[in-house]
Amino acid sequence: MKDNIILIGFMGCGKTSVGIRLSYQRRQTMIDTDKWIEKKQKMSISEIFETYGEETFRRMETQCLEELIKTADKQIISVGGGLPMREENHALLKELGKVFYLKVTPETVYERLKDDTTRPLLQVEDPMGRIRALMQQRGPVYESCADVILEVSDKSFDEIVQDIGSV
Ligand code: S3P
């Protein structure tokens with residue numbers, strides 16, 4: 001197993017913000033799977049969903065993990081909220097390092113993302129309903145993938161970084 005820190009969790013749980021802070025504190029590079037894919041495809045996530053559809057994006061996520069297994073060590077890796085939902089990604093995540101699940105409430109996600117337009121899955125008439133439904137489906141999967149589960153809705157990003165450091 002590689003010695004990376006992997007951050008998983010729902011959109012808006014703070015993976016990127018926490019990852020940036022961890023990266024700074026530990027002097028380790030941070031990789032964000034969405035950013036990695038956008039750079040490789042030279043397209044935004046929204047454009048990829050629009051042009052190729054979600055299934056193709058999910059294949060790109062798996063390719064990203066396969067690539068990171070070859071190249072990443074002692075790094076912080078923040079993964080897209082839907083990535084753990086693909087069964088074949090579970091073993092890849094385990095191989096990549098220690099998996100931290102940042103667990104948040106639907107209300108926190110809604111508050112943070114209600115004006116966001118970059119998450120294609122939340123551009124619907126009832127985003128709160130979509131958040132709740134996706135979370136219900138994803139929560140158990142996130143938990144089964146995680147080495148460590150952190151409840152983070154009431155915590156600042158700095159507190160989350162401290163919690164991760166103390167594990
Ligand atoms: C998705 C989460 C997004 C991005 C895409 C799909 C999801 O990443 O990968 O919009 O299915 O939950 P973040 O979790 O970083 O927002």
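## The ligand shell and the strands behind it

Helix α4 (residues 54-71) supplies the largest share of the shell around the ligand, namely three residues. Helices here are DSSP runs of H or I with at least four residues, strands are runs of E with at least two, and both are numbered from the N terminus. The model is a predicted one, in which local features need pLDDT of at least 70 and side-chain atom pairs count only at pLDDT 80 or more, while totals for chains, interfaces and linings use all residues. Residues are numbered from 1 along each chain as its sequence is written, and side-chain values use heavy atoms, with hydrogens and water left out.

We can start with the ligand itself. There are 14 residues around the ligand, and Lys15, Asp34, Arg58, Arg119 and Arg138 come nearest; a residue counts as near if one of its heavy atoms lies within 4 Å of the molecule. Polar contacts are pairs of N or O atoms within 3.5 Å; within protein, one atom must be able to donate a hydrogen and the other to accept it, and residues adjacent in sequence count only if both atoms are side-chain atoms. In Lys15, a polar side-chain atom lies 2.5 Å from an oxygen atom of the ligand. For Arg58, an N or O atom in the side chain is 2.7 Å from a ligand oxygen atom. Gly82 takes part through its backbone, with an N or O atom 3.3 Å from an oxygen atom of the ligand. On its own the ligand has 390 Å² of accessible area, of which the protein covers 96%. Such areas come from the Shrake-Rupley method with a 1.4 Å probe, and for residues only the protein chains shown count as cover.

The space taken by the ligand is the largest pocket. A pocket is found on a 1 Å grid over the protein atoms alone, as an open set of points with protein on both sides within 12 Å along at least five of seven lines. A molecule sits in a pocket if more than half of its atoms lie within 2 Å of the grid points.

The strands come next. Strand β4 (residues 97-103) is largely enclosed by the rest of the structure, because five of its seven residues are buried. Buried means under 20% relative accessible area and exposed over 50%, with partly exposed in between (1.4 Å probe, protein chains only). Strand β1 (residues 4-8) runs parallel to β4 and is joined to it by five bridges; two strands are taken to pair if DSSP finds at least two bridges between them. Along this pairing, Asn4 has Gly97 of β4 as its bridge partner, and Leu7 has Phe100. Phe100 also has a bridge partner in β5, Val148, within a parallel pairing of β4 and strand β5 (residues 148-151) that spans four bridges.

β1 is mostly covered too, with five of its five residues buried. Asn4, Ile6 and Ile8 point one way from this strand, whereas Ile5 and Leu7 point the other way. β1 also pairs with β3 in the parallel sense, over three bridges, and here Ile6 stands opposite Ile77.

Two loop residues are likewise covered. Phe10, in the loop between β1 and α1 (15-26), counts as buried at 1% relative accessibility. Its C-alpha lies 12 Å from that of Arg112, although 102 residues separate the two in sequence. Leu83, in the loop between β3 (76-78) and α5 (88-96), has 0% relative accessibility and therefore counts as buried. Between Leu83 and Val152, 69 residues apart along the chain, the C-alpha separation is 20 Å.

Following α2 is Lys42, with a positive phi near 55 degrees. Most residues other than glycine have a negative phi. Lys42 belongs to the loop between α2 and α3 (45-52) and counts as exposed at 74% relative accessibility. Arg27, in the loop between α1 and β2 (30-32), also has a positive phi of about 55 degrees although it is not a glycine. Arg27 is exposed as well, with a relative accessible area of 69%.

Terms used: 1 Å grid on protein atoms, 1.4 Å probe; cavity = no way out; pocket = protein on both sides within 12 Å on 5 of 7 lines; lining within 4 Å.
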